[in-house]
Amino acid sequence: MKVDNYLIFEAHKSLYGIASARVVELIWLPELNYIESSPFYIVGHFNFRGSFVPVLDLFLRQGMKTRRYTAQDRILIIEFNGKLYGIHINEV
């Protein structure tokens, strides 16, 4: 029997989980560069080891208001279908 492990994290006081096999790294919030043509829920992009990584805000994606980001926030970097993505989070 195969048992998957999950990373549980908090974004704006809501709990989420993701298969730990998808997790690449957890980093402090880097400086994000905004690209006009990005969807509204992509709050910016940054360079992670030579890869251009978009950062998703889960609250915006769900149609809710987000809050101001702080230096205490983090980015969860995940791999999905061979591409890297960042998810803005508050707590792990």
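Mentor: We begin with accessibility: a residue is buried under 20% relative accessible area, exposed over 50%, and partly exposed in between, with a 1.4 Å probe and protein chains only. The structure is a predicted model, in which local features need pLDDT of at least 70 and side-chain atom pairs count only at pLDDT 80 or more, while totals for chains, interfaces and linings use all residues. Residues are numbered from 1 along each chain as its sequence is written, and side-chain values use heavy atoms, with hydrogens and water left out.

Trainee: Is N81 buried or exposed, and where does N81 lie?

Mentor: N81 has a relative accessible area of 64%, so it is exposed. It lies in the loop between β6 and β7, where the strands are DSSP runs of E with at least two residues, numbered from the N terminus. Although N81 is not a glycine, its phi is positive, at about 50°.

Trainee: Which place does R49 have, and what is its phi?

Mentor: R49 belongs to the loop between β4 and β5, and its phi is near 50°, again a positive value in a residue other than glycine. The hairpin of β4 and β5 has two residues between the strands, and R49 takes its positive phi there. With 65% relative accessibility, R49 counts as exposed.

Trainee: How are the strands arranged in the sheet, and in what order?

Mentor: Strands of a sheet pair through backbone hydrogen bonds, either parallel or antiparallel. Two strands count as paired if DSSP finds at least two bridges between them. Here five strands form an open sheet in the order β3-β6-β7-β5-β4, and the pairing is mixed. At the edges stand β3 and β4, each with a single partner strand, so one side of each has no neighbour in the sheet.

Trainee: How many bridges join β4 to β5, and do the two run parallel or antiparallel?

Mentor: Six bridges join β4 to strand β5, which covers residues 51–56, and the two run antiparallel.

Trainee: Are H45 and N47 buried or exposed?

Mentor: H45 has a relative accessible area of 8%, so it is buried, whereas N47, at 58% relative accessibility, counts as exposed. As a whole, β4 is mostly covered, with five of its seven residues buried. Contact means heavy atoms within 4.5 Å, and when neighbours within four places in sequence are left aside, H45 is in contact with E31, L32, N33, I35, S38, F52, V53 and P54. N47 and E31, which are 16 residues apart in sequence, have their C-alpha atoms 9.4 Å apart in space.

Trainee: What does the largest nonpolar core contain?

Mentor: A nonpolar core is a set of buried Ala, Val, Leu, Ile, Met, Phe, Trp, Tyr and Cys residues joined through side-chain atoms within 4.5 Å. The largest one has 11 residues, namely F9, A11, Y16, I18, I42, L56, L58, L76, I78, I87 and I89. At least two residues of this core come from each of β1 (6–11), β2 (14–19), β6 (74–80) and β7 (83–89). A second, separate core has seven residues, among them I27, V53, V55 and I75. I42, a member of the largest core, is in contact with Y34, P54, V55 and L56, again leaving aside neighbours within four places in sequence.

Trainee: How many aromatic pairs does a search of the whole structure find?

Mentor: Rings of Phe, Tyr and Trp (its six-membered ring) pair if their centres lie within 6.5 Å; planes under 30 degrees apart count as stacked, over 60 as edge-to-face, and the rest as tilted. The search finds three pairs. The rings of F9 and Y16 have centres 5.7 Å apart and planes at 20°, so this pair is stacked, and both residues are buried. For F40 and Y41 the ring centres are 5.3 Å apart and the planes stand at 85°, so this pair is edge-to-face. F40, at 56% relative accessibility, counts as exposed.

Trainee: Where is P39 placed?

Mentor: P39 is in the loop between β3 (23–28) and β4 (42–48), and at 39% relative accessibility it counts as partly exposed. From P39 to G82 there are 43 residues in sequence and 20 Å in space, C-alpha to C-alpha.

Note on methods. Helix = DSSP H or I, 4+ residues; strand = E, 2+ residues; numbered from the N terminus.
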